[in-house]
Each structure stands twice: as structure tokens, then as C-alpha cells.
Amino acid sequence: MKGRICVNQGQDDEMEITGYARNTIKTGVIWFFIVITVGLLRLFFYWLPHLMIRAMYSKCSLDQAEVVILKDEYKQWFVSDVKMITRDGKKVLGKGKSEGMVSRGSQTLLTHPDKKQYSQNVSRYFVTKKMKYIWNQESSMFSKVKGIEEDVTVNYFHDTSCLSFMDVTRRRVLYGLNSVDIHVTPIIKLLFKEVLSPFYIFQLFSCSLWYADEYEYYASCIVLISVLSITATIYQTRKMQRALRNTVQSSTIVSVIRNGNESMDISSEDLVPGDVIEIPRNGCLMQCDAVLITGSCIVNESMLTGESVPVTKTPIPNPRLTHEDSRMMFRPKDHGRHILFCGTHVIQTRFYGGHKVKAVVFRTGFSTAKGELVRSILYPKPVDFRFNRDTYKFVGILAGVALVGFVYTIVLMVNRGDAAGDIALRALDLITIAVPPALPAALTVGIVFAQSRLKTARIYCISPRSINVCGGINTVCFDKTGTLTEDGLDMHSVVPVNDEKFEPGITHLNLLPRGKFMTGMATCHSLTIIDGVLSGDPLELIMFESIGWELKEPTMEEGSNFDMICPTIVYPKSSSLVQSADLTSGNVVNSEEVGIVRQFTFSSSLQRMSVIVRRLGAEHFEIFTKGAPEMIASLCVTDTVPDDFHDILMSYTRRGFRVLALAYKPLPEKLKYPKLQRIEREQVERGLTFLGLIVMENRLKPETTPVIRDLKDANIRPIMVTGDNMLTALSVARECFFAEENEQIILVQVFPAQYDAKGDVMEQAHVEYVYTDPQTDKQTNRIPKEKQIDTVLPMAIGDAELGTGKKYHFAVTGKSWSLLRESFPELIDKIVVRGTIFARMSPDQKAQLVECLQDLGYYVGMCGDGANDCGALKTAHAGISLSEAEASVASPFTSKTPNISCVPTTIREGRAALVTSFGIFKYMACYSLTQFVSVLLLYWVGVNLTDYEFLYIDLFLLTTLSITFGRTHAYHRLHKVAPLVRLTSLAPVLSLILQMTIIIAVQVFFYFIIKREPWYIEYVDDPEEDYDYMSYENTAVYISSSYQYIILAIVFSKGKPYRKSMFTNYVFMINLFICIGITAWISIYPTDPVAEFFELMLPPSIPYRLLFLGVAGVNLLLCILLEEFILDSHYVSVTLQSKLDKCFPGSKLKYETVEEDLQMASAWPPVKSEDLAGTFARMDSAFLSSKTSLNEQDSYSLSESETGSQNEYDQEICPNASPNDIKLNGVSNAAFQLDERYSNGKLSTKL
């Protein structure tokens, strides 16, 4: 098949797919080579299975494929077998196409609600990343098996009938068990997986070679260490798998309605999409994703959002009953307030009379919200860190060095006439020396100690590899509410509106008169009583408690006894609750009791919530709406919104207050309860009367400002990403110094295109840049107000980051962000590089911002409280969650200290771990090369290091020093320059080259100088002794190199500015003293048994033995001077590195290039100096007019629905009703009167 073929095209999990069919000839050839290579080729294919498929199979079209190879966006390869199964669940063995095996008249395996076929009688499918892909005949492509969520109308859920047993069987074949199954891998499988990894295969090769060479002691020690390491790894892996399984895997008994309205109890694992389930009265833990169709539920969604605030879920509206388009499509994101998600806890249900709370299952297993979360844990985004990539390059270089030594050894020993077996052993042994088998284990040392220190600081890490990445973090995004500011709010004041004018703010709410404003505060919330305690959103709790009202909910018994609707009732504490007998009399007109009969829950996309209420004895219902001030004002009648709305709003938000607006509208008297339960919120949330503002104080956490200061001092860029109001975000940004006082913040406003009634473009979308602060000039120090409007100024040199060094920041709203991505993608890079404040951002937009920053080359951290931050936390290089809820399980770090002080701590530990990894890598590389040089020198005279000399170096010196090396703590302060993340940078490369130059010089010096001594005896190979290496050359090289291993550990154990001084690492210091002491003892005056043990031929002269110690001191001094004063100097690490980067343009990061372009563009951006209130007013007006003109042709406003087009439902119920009869506020309304008669006959309300 030509071209690039993908599954999930255009989606986040898009994967390239290629089909293969078995080729008998190619398979036979490959197995022949596997046999003659004694299985080595098969081992290679085990590591890279996709190459085995390519070698043994032939590429073919997908409809003939027996195996598919998939490659995801991270260049990861997956191999899956294509299987076949019948509609009854029987597996089909053998080979065949999807067509030709089935009869044309066969039934479909499952008919989707959109009537599209997934497959015919025999279904072909494969499974990858826990998701099933099935062959779709119509599209000739494998399609992901999804629940009932695509191309489905909302009506489907209301019209769904109970599944028959045959339907259930067929759907179970397609969807599988409803289980988020975490498989705990058997020990034997884990054992083989570990042993067959490249690292342990190399260990096995090395140990086999050492045993053949009679290095039994060292080989046995390595085998013992490997066994312990494998055991620990298997234990840890199974422990984590069991912990994850116990956390996420669960099943329970559920009541399901099947086979002709028959209610039965089944295991939740047997649920299939389309099942109708009953939600128990006392709640349950949801085992699937289901759409609520009757009743309402109070749900704790902390597993998804990280916020343990009860959320009210309401039935999904039935368009047929609300005069809406019956073709309204179901979209999980848009209808989230009607969905019970898997893993969430239903605390309690609300129902009326004998009606049950029902829901329709639409997703099961790994397709559910919980399943997606678990899949993100099982298949995380790979950590693409430059340091990790560079280590492989250096290992390749070491392998190249080993190859040179391999050839050198063969040539040398062949010329000397050695036996072929000895040549092979010596040459292969050199490979195990040059490429250190212990390198991967050594690199984890710093990470392990850093993880332990983070745990002490109450920061828990589930992805240790992310710790090193934290060392490179240069940008941190922060959520605002609950992260930078306190979780709780204090009621500051209310600002009511009277006669379309704002009254003075009321700070003492006992002075607030009892009217519409107070009724709105008492009713417009989603509070509920759980176990006798008033619970809900903290903001709403404070609002409700501040006015001194009570809330009463009906009990289940009340609903059953009266078979009537019992709404939630609120009333002032000063008045007593009227008894039930009085509630239905209708005689009490002046009662202050109010019933909440319908709730439209808060939606972050709509930025509001509403309630429909009725005062006891009143003749009509009312709607109260609360939400973002700009949104509420846009829904109100223009005349009711004060002219100075934006000025008053800014006066509070500039000071960092959290502001909400309140509005209401009386509903027509003819609108009765049955119609209210079916009406869409868009029909009633319009034409409101503006009531005023609710002002709450959200204080900064005391740790916020010092932490932001520390990050900025360390040149780590802080960015605020919040869902709150822009002006509030600007105020907080100024207060905690995201932007300094002398730095300008420029608001980026993207105005949408304007259309006329015909849909033609009247005005193109455009971008405006507006100063958020009053501008000053050199003479008057302030631009006069009359000159502030519509004054377009190019960025002056002093404003741009040029000459004077001033800097400007961009502030962007969620609306502008969406339009930028859609209409001005060329500006995104510039906006992101200078963007500091992003307000009114949705969860998806937060993740988009993090991805944009990463694409520019930033290493991005994200800190949030878990609420709406989960996507960004998972996307960032290092996500730090301040929530302990299950939603944070996908975040690499979780802090149990709920403030941002964890951010610099994590970065400091990351920097310490990264510098430690750099140091250990250089130490291991130099250790290998040092030993490599020693062996090459000794091979020249036909000797080698003895077995016990190898043991002393490898086990005593190397192992103890590399372990204690990483125990040095992180430095207490963040340095302004981040540590290097590239091993291929100039400084590390020069360090390895120059340090090894000194090492080689010292060894060569001793190798040759000892031969000039009068007591020197030349080594003579004794054929009778196979491994008699006692010689002066051996002693000289061994003792000089022993000191060098210690010297390298000292030189590479760097302290300030990323780690504390090595003198604070007491274990390391004690280890050094012991190593130096024992090495000095062995080299100067060992006992005879010790000398014989190491097979040393010591120089007879004591002063000559002291020469080893003296030269070691000089060696140490030279290495320290080289590392500290030359390689770590500003000239090498910055100046020379910059010059080198200019020679390789690709080495410069993208954000650095964009920043340079911005500094050169002195005339950009063209900034407008304008009153912000006017700016926001124009922006709201532009969006409103754009939305109105776009929707004018295909949607109707409330007034249009009130005059109501002839709806099928209305005509069906009341065929004699004219179009003018069907309206909400008309005098005559036959359809609603019929509802009213139905209400009087079958239902009675307490209001």
C-alpha cells in the first residue's frame, strides 16, 4: 500500500500502521541464520521485534495482514497479531481474508447507533496499548473500538431499549469484559525479561569470559550482585504492579435491566455499552462510564479532577421534550455534567416517588475515563532528555575505543606468537574493560538518593527518571487558585445593582436587604447535605454561610410517602420552616422559603451555573444565574447592566479579588414543573436582569512570593496558567512578582471575524496589543486620560528588551489563545516566548500551552492542585501535583505540602541528581579508559593485572566510591545558571579528554621510569605458570592507577553551586580516607602476605615507593586545577560554547532564536494604550456579535423558542396548537396547559 497509513488519524494517539503476511522462504532463511548464530540473531530480534516481522514477513495490504506493526508519535514500535473471531465469540484459526470467508447475507457483529458496521460475521481485530482495533469494511481500515459516543444523538439514550441476551453476547465479543485489568507479570516471565535485557546479556558475556579466564572471584562477585539486582527489580516491579492493580481494579454487583425490562443483579465485569443500569440509593463506585437519564446524583470526582468537592449530575436533556433539534449530537466533553464516570464515587442519589435513578452504559473497560488514566500510567510519554540520549552516544564511542583495543591486542599477540585461545580471551576481555557493564546501575545512584531526600521533604516521586529531567527545568507553569493562592476564600463584600446603577459595596452582609440578590446567594449553588453536613464547593459554602440561611433536603421517606416532588428548600435562620401540610396549600404568600426545583450545574466552558427556584406561594418560577462577570453580563438585558460595569469590576479584580456576578429572570407563569424538567438551559439563561457582584478575597499563600522570587533569581521563568479572570490574574502576577514593577504587561486581544446575516465576512479577525497599566512618559510621568484611548504606539526601545534592558510580558485569555491557534499560528511562538499570564484557560488549553513551550525547547515544569490541571501535569516534563487524589497518580511528583515551596526543592534535587549523574558518568568513563590504558600498557610486555588487583579496583574502590559519591545533598539555593544537560557540550568533552591525558601521562611515566632503576628486573614469561603476572611493570601501573581512581572520584564530586561541598558528605569522606589509607599502605609498606595476595613486586627503595604518593598528589592538584579553574570557567562553558554553537546552527534552541528575533524587532508589537475596561467591553461585544451572526441562521434565541417553531413533540401532544400558542410567555399555550393538566393529575409539587 502506497503512502503513510495511520490509525486514529488526526487524534492524539495517531499511529502509523503497516500490514505484513508470513513469507515461508524469508522465514526459513531467518531461522537458518538464527541456528548458525547460536540464537544471537533471535536475541537481537527479541529486543527489536518489529525488525523480526520485517525480516520474516512480507508487506501487504491491511485486509490481508496477519501481523501489524505500529509506530506512535514518540517513535515507539508495537507489534500485534491480527486475530479473527465470530460474532458468537468463537476464534477462527487459519489464514484468510476478511472477505470471502463470510456470506454476503450474514448479520453484523454489532450495529452501532449510527448504523455503521464494524465487521461482518467474522471479525478481524488486533489489540495494542490495551485498546482493540477492528476491521471496518467500509473504510478499509482498522478502527478503534469505542463505546456509544460517536455519531450518536442525545435521543439515543432516552430511546434505548433493554438489551436482549443475544445483543449482550455479541457486544461482549466486541467490547470484551468491563474491567480495567492490570496484569501482574509472573515471576518467571519477569526473570527472563530482565536476564535477556542488553545490560544483563553483556554482564553474562563478561562473566562467562572471566570464568574462562579464571577470574573466578570477580566474576562470582558480579554474578552475586546481578542476582541481587535482578531479585530487587522483580520484587519492586511486582510490588508496583500489585499496588496499581489494587488501586484501580475493582468489580461489584450492579442492577441491570435486560431482556424486556427484567431487572437482574450481575457482576460489573459483564456490563456492555447499551446496558441500562440502576444507581443504588446510597450510592456506589462507578464501574463504567454511563449517561444519566433519570434522577440526579451527588458524585465525588476526585479520581478525575483531584478535587474532593461533591458534584451534582443531572439527567441528560431529551431534545424532543424541550423543543430542541432532535438531531443534537452526544459529545462527552459537552455533556460531562450528565455523565457518571468510571472510578468516581456516587455519594447519594435523588429521585422522586417510586422512580429509579437510571443510566445508560456508553463506555466500558479501558475506553472509560478511568481506563484512559490507567493507560496513561502504563504507556507514559517517554522522557526525552538530552542527557539520556548523549549517554548512548558516549557508550558508542567507548565501544569504538574497545574495537581499537581489540585490534591492537590481536595484532600484538599474533606477532608475539601467542595461542589462539589466549588471543581471543585477552582481546574480548579488553571489550569488557572499555565498556563498563556497571554503567547503567551507577547512573541511578544519584537518582535513588535524590528520591529518598524528596521523600523526606514530603515530595513523592513515581517516575524516578523524571528527577534528572527536573535538573534542566527552565520554565514552570503555575495554576493560581489553590496553588499560588489559598484554597479557601473570605467573603469581602457584595455590590448590588439598583436602578441600573451600582450601589456602594456592602461588607457586612447582615445589612443586605432580603430581596432578589440575597435569594440568589441563597439558592444559586450546588450545595448538598452529606451525612448531616453541608458540603460542596468551598466558594459556595462561604457565600451561603455568609448570609445566615439554612438548607433542608427531602429524605427518601418523604418522597415515597407523598409520591410528590420534594425540592431542596432554603430559608433564613430567623424564620422557621413551614410544615409540609402548609407547603401545598398555596396560602402563604410572604414566606421567605425558597425551593430549588432545577439545577443547571457549573460548566467551565460556559463559565456559569443556574438554578430554577420558586418562593413558597409564588405564582411563577425564577431563574438565578451565577458565574464569571463578563459571561453573566453578556446574558443580561443590556439596559440592566450598569454603564460603569467594567470600571467597577476592574477596581476589584485589579486588587486580586475573586469576583462573581449574579443575575435573575422571572419565568412565565404558564411554565410548569414538567416542562421545567425538560427545558434546555440555553432557553432560559438569556434576557436576564443583572443583580450585582459578589466579591471574595483570595489571599496569596505566604510561600508564594518568596518562591517566585527564588525562581526568577535562578533565571527560571514562572508562568501563570489559570481559569480565573484576567484582571485577577494580573493583580496576583504583580503581587507575587511574576512581572517586576518596571516591566510592562501587554494584553493580547484577538478579535474574531465578524459576519453578516448571510454569513459573509464583514471584518477579518485581528490582533490588538494593549498596555495593562497606565503608561508614563518622560515629562509628565503619565499619559492623560483623554489621550489613552486608541493611541497606537510602536514598542519603544525602552519598552522592548533592548538597550535599557527592560522587558515586557504578554497576557492572553483562553478565547484569544484559541483564535491565535486557529487564525494566527505564526504568532504563537512569539506570544509563548514572552507570555507570562494566561487567564480563563480551559484544561485542554493548559496542556496545549505546555506542549507549545516544549516544542520551543523549554524544559517545562507544571505545578497545580490537581483540579483541571491533570492534562498539563501529565504533559509537562515534570508535573508536581499538590493534590493527593487519584487523579495525581499520573503526575511524576506529588507534594504533601500544599504550597509551591515544593517546586524549588524538586528543582534543586533534580539539579543535584543531574550533576551527580554527570559526575558518575564521567567517573565511570574515565575509570574504564584508565583501566583500558593500564591493560594496554601491560599487554605490551605480556602481563596483565592480577585477579585480586581487579577485585580491589572494581569492587573496593569503584563500587564504594560510586555509591557514596551520590550521597551529597543538594545546594540550599538555586543558582542563576542551570547545569548542563548535554554530555556533548564542550566542557564535558574537554574534561574527559584532558583528564585522560593527565591519567595516561602519569601511567606512562611510571611504566617507563621504573625500567631505568638499577634494581629493575625485566619480566620473563614462564610457560609453566599461566597467570604469573608479578613484575615491576604491573606494580607501577597498578599502584599509580589505584590512586587515580580515587583522584577521579574527588575531582568529579563537585559541590557548589548545585550540590553541597563533598566535605558535608561524611560517608563519602570516610570512604575516601579508607581508600587512600589502604592504597597508601599497599603501595608503601604492605605486609608480606598482603603483597603476595596482590602478587606485587614492590620496589626495594622506600623513597621510590613514596614517589607514587607524591606523584598522586601532583596528579590530584593538576586535575582539580584543570576542572575547577579552566573547564568550569565562564570562558569555556559560555564564551567558547557560544562560539561553537554558532558554527552549528542546529544546536541553538528554538526559543533562543525567537527571543533574539524579538529583541531585534523594536517596532513590534504595535501597542495600543487604552482603558482596559473599554478593551474588555469591545472584546465581549465582538465575541457576542460574532456568535450571534454565526448562529443566526441555524439556531434560535430564547425569544424565538418562546414564539416556538412547530416542534414534532408539541404537534404530537397538541395537534391543534398554532405556532403562536407554543411559547413560554404567551397568553395562550396549549402545549404547556396540557403539561399542567398532566401535572395536576399525576404529580403535585410542594411549591
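Predicted model: local features only at pLDDT ≥ 70, side-chain atom pairs only at ≥ 80, totals over all residues.
Leaving aside its neighbours within four places in sequence, threonine 728 is in contact with Lys480, Thr653, Gly656 and Phe657. Threonine 728 belongs to helix α25, which covers residues 726-735.

**Around threonine 728**

- Is threonine 728 buried or exposed? Threonine 728 is buried, because its relative accessible area is 1%, and the cut-off for buried is under 20%.
- Threonine 728 and arginine 658 are 70 residues apart in sequence, yet their C-alpha atoms are 6.7 Å apart in space.

**Strand β15 and its partners**

- Strand β15 (residues 296-300) is mostly covered, with four of its five residues buried.
- To strand β18 (residues 345-350), β15 is linked by five bridges, and the two run antiparallel; here asparagine 300 is opposite histidine 345.
- To β16, β15 is linked by four bridges, again in the antiparallel sense; here valine 299 is opposite valine 311.
- As a reminder for reading these neighbouring positions, side chains in a regular strand alternate between the two faces of the sheet.

**Aromatic pairs and a charge over a ring**

- How many aromatic pairs does a search of the whole structure find? The search finds 37.
- Phenylalanine 157 and phenylalanine 330 form an edge-to-face pair, 4.7 Å centre to centre with 65 degrees between the planes.
- Phenylalanine 157 lies in helix α4 (residues 155-159) and phenylalanine 330 in the loop between β16 (310-313) and β17 (339-340), so this pair ties together parts that are 173 residues apart in sequence.
- Phenylalanine 157 counts as buried at 0% relative accessibility, and phenylalanine 330 counts as buried at 3%.
- Phenylalanine 1006 and phenylalanine 1108 form a stacked pair, 4.6 Å centre to centre with 25 degrees between the planes.
- Since phenylalanine 1006 lies in helix α32 (residues 986-1009) and phenylalanine 1108 in helix α36 (residues 1102-1127), the pair ties together parts that are 102 residues apart in sequence.
- Phenylalanine 1006 and phenylalanine 1108 are both buried.
- Both rings belong to one aromatic cluster, formed by Phe1005, Phe1006, Trp1015, Tyr1016, Tyr1032, Tyr1104 and Phe1108.
- Elsewhere, the charged end of arginine 834 sits over the ring of tyrosine 808, 4.4 Å from its centre.

**Backbone details to look at**

- The peptide bond from lysine 1056 to proline 1057 is cis, with omega near 15 degrees; proline 1057 is in the loop between α33 (1032-1052) and α34 (1066-1084).
- Tryptophan 1164 and proline 1165 are also joined by a cis peptide bond, with omega about 0 degrees; proline 1165 is in the loop between α38 (1150-1160) and β44 (1166-1169).
- Lysine 129 has a positive phi, near 50 degrees, and is a residue other than glycine.
- Lysine 129 is in the loop between β7 (122-128) and β8 (131-136), and this residue is buried, with a relative accessible area of 18%.
- Serine 140 also has a positive phi near 50 degrees, and its place is the loop between β8 and β9 (141-144).
- Is serine 140 buried or partly exposed? Serine 140 is partly exposed, with a relative accessible area of 42%.

Terms used:
Residues numbered from 1 in each chain as written. Heavy atoms only, no water. Buried < 20%, exposed > 50% of the residue type's maximum accessible area, 1.4 Å probe, protein only. Contact = heavy atoms within 4.5 Å. Phe/Tyr/Trp six-rings, centres within 6.5 Å; stacked < 30°, edge-to-face > 60°. Lys NZ or Arg CZ within 6 Å of the ring centre and 35° of its normal. Pairing = 2+ DSSP bridges.
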